[in-house]
Amino acid sequence: MNTDLIFCMGLALLILGVAVFVVGSREPFPAVVGFVIFGLLVSIAWMCLSAPDVALTEAAIGGGVTGALLLVATARLGDSSKKGQKTKTPMGFHGLVILLCVAVSAGLIAVVLTFPEPAPTLALVALEPLESTGVKNPVTAVLLAYRALDTLLETVVVLLAMAGVWSLAKDSDWSKTPLFGYSPEPGGPLVLLAKVLIPVGVIFGIYMVWTGSDHPGGKFQGAAILAAMGILGLVAGVTSVPAVTNAKLRWLLVLGPAVFLVVGLMGFLSVGYFLAWPPGLSKAVIVLIEVALTPSLALMLGLLVAGPPRQLPTSNS
Amino acid sequence: MSTVLDLLTIVFVSVGVFFFVAGTVGLLRFPDTLTRLHALTKADNLGLGLIVIGLLPRVDSPQDALKLILVWALVLVASSNSSQLIARKVRREES
Amino acid sequence: MTEFLFVAAILVLITLTLSLARVLRGPAKVDRMMAAQLLGTGGIAILLLAAGSGLKAAADVALTLALLSALAAVAFVKSGERLATRTKNDKQP
Amino acid sequence: MTIPTIFGICASLLIGLGLYGIIIQTRVLRKLLAFNLVGTGVFLLFGVIGRRGAGGGLEGDPVVFGLVITGIVVAFSATALAVAILIRLHEETGDDSLVDEPPDEEGR
C-alpha cells in the first residue's frame, strides 16, 4: 500500500475522531477547541484532494477566523447552562435518532462506493474558454467568469449577514464601535505579536489576492487573512474600528459589491448580457473586481467576528 | 551531490520529527501546565525549524526557500508570544 | 524521497493523534488550548513536508495557518479576561 | 481504495455525526458546531466529486471547487450571524439552550 494512501486514511480517521469529540464532549469549551483543530485537519484534507484554493479558504476561514469567533462566544456564554443540564432525551427517541443518522451515513457511503465510472466532469467545458479570459487559475476563472452571479450574490449575502449582526445592537449602543469582546490592554507580548504579525499578514493577504488570478489564492482567502489581522490588531489595541454610523466605513463596505454590480451592468452595453465581460478585457475586469472586492470583504468578515456595536465594558467601576 | 543533499534532508527531517514526538510525550506526561508549556515550545520551535532546514535543499527557487523560512519565523514569533500569554494566564488564575 | 517525506508526515500525524489526548483530558482549559497549539504546528509541519514532496501550494496554506495560529490563542487568553471582569460586575448589586 | 473514496466515506460519516449532534444537543452553540460539521461533510463530499472529475490536465473540476469556496464563505457568515443572535439572546434571557421548562427560578 502506498504511503500517501496510509496518510490519507490516518487523516480521515483523525478528522472523524475529532468530530466525535466535538459532538460528544460534555462542556462547550473543549468542543470549540476540537472544532478549531477540525478546521485545521480539514484544510490538510483539501490538500490531499488536490484543491489548494479550497484548502486556503478552509485554513483562513474554517480554522482561524471561525475559531476566534467561537472561542469568544463560549467565553461570553459561560460554561454551564442553567437549563438543559438535567433534561434527558427519552431512550426511544435517542435510538430513533441514532438509527436515522446511521441510515443517512450508510446511504451516502453507498452512493460514494457506487460513483459512476468514468466520473462526470465539467473540467473540460470549463477549460475551453479559459484561454480567452487570460486567467490561469481555473477556480478564479470559474468564480468570476462563468459563475460571476454566484460570487456577486455571495458578497451581498456576507454584507446582509453583517447588517444582521449590526441590527442586534441595543439602541443606546448604536453610535458605539464594534468590539471584539473586551477592552484592549496596551503593552505586553500581545502588542509585540500584533506588530510583527500584522505587517506580514497584510502583505501576504495582498499577495494572495494578486496571485489568485494565476495561482491558488484569491480575494476570499486574501480578505479572510486581512480580516484576521484586523481582529488581532483590535484585540491588541493597535487598530480600532470607527463607529458603525461612520460614512466612510459604510462606503468602503459597499464599494466592492457596487463596483461588481456596475461592471456587471456595463456588460449590457458592451456584449449585451448582465455580467458579461468585454472580449479581450476579461482579465483586466476580473482583476479590477478582485481588487475592489478585497477591502470590502475583509471589512465585512472582520466586522462579522467583531459583533454588533457595544459599550466598552467597564472593568473597575 | 544530490545523494548528499538527500541525506541532509533525511537527517534533519528525522531529527525534527523526533522533536515533535518528544514534545508530544512531554505534553502527555509532564505533571503540570507550566512544564507542559515548556515541552510544547521546544517541539514547536526546534521540530519545525529542523524540518524546514531539512526541506531547504529540495526547493527549486529562492522564493520557495524564503517562504519556508518565513513560515518558521512566523511560528517562532506566534508560539513564543502566545506561550507567554498563556503562561501569564496560568499565573493569574493561580494567584 | 517522496516516500520518506510521506513517512515523516505519517509520524507527525501520529504525534498529533497523541496530543489530541491532551485536548480530550484537559484538565484545565489552558491545557486543551496548548495542545491545540501543538496540533497547529504539527499541521504546518505536515503541509511543509507536502510542499517538499512537490505540492507547492501547500506552503501557502502553511503560511496562512502560521499567521492565524496565534489568533485562536489570543482570542482564548483575552476572552477569559473579559469573562472575569463581567462576573466581577455581576456581583455588584 | 483510492483517496477520493477514503474522504468520501469520511464525509458521509461526518454528515451523520453532525446530524446526530444537531438533534441531540440542547445548547445552541453546540448545535451550531454540529451544523458546521454537516456543512464540512457536504463540502468534502462535493470536493470528492470534484477530485474525481479531474480532466484536461486539471487536478479536479474547478466548477465544483469554486462552488465549495462560495459555500465556505457563506457558511461562515451564517455562523457569525447565528452566534451574534445567540449572544444577544443570552444577554436578554440569561439562557442559551432550547429547553422549554426552567427547572428553577434562577432565570429571572
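Guide: Thr155(A) is buried, its relative accessible area being 0% (buried means under 20%, exposed over 50%, partly exposed in between, with a 1.4 Å probe and protein chains only). This is a predicted model: local features need pLDDT of at least 70, side-chain atom pairs count only at pLDDT 80 or more, and totals for chains, interfaces and linings use all residues. Residues are numbered from 1 along each chain as its sequence is written, chains are lettered from A and ligands numbered from 1 in the order written, and side-chain values use heavy atoms, without hydrogens and water.

Visitor: What is Thr155(A) in contact with, leaving aside its neighbours within four places in sequence?
Guide: Pro257(A), Leu293(A), Leu297(A) and Met300(A), where contact means heavy atoms within 4.5 Å. Gly256(A), 101 residues away in sequence, has its C-alpha 8.3 Å from that of Thr155(A).

Visitor: Now the chains. Which of the five touching pairs has the most contacts?
Guide: Chains A and D have the most, with 95 residues from chain A and 79 residues from chain D taking part. Chains B and D, by contrast, do not touch, and their nearest C-alpha atoms are 22 Å apart.

Visitor: How many salt bridges are there between chain A and chain D?
Guide: One, a salt bridge being a side-chain nitrogen of Lys or Arg within 4 Å of a carboxyl oxygen of Asp or Glu. Lys170(A) pairs with Glu91(D) in a salt bridge, with the closest N and O atoms 3.9 Å apart.
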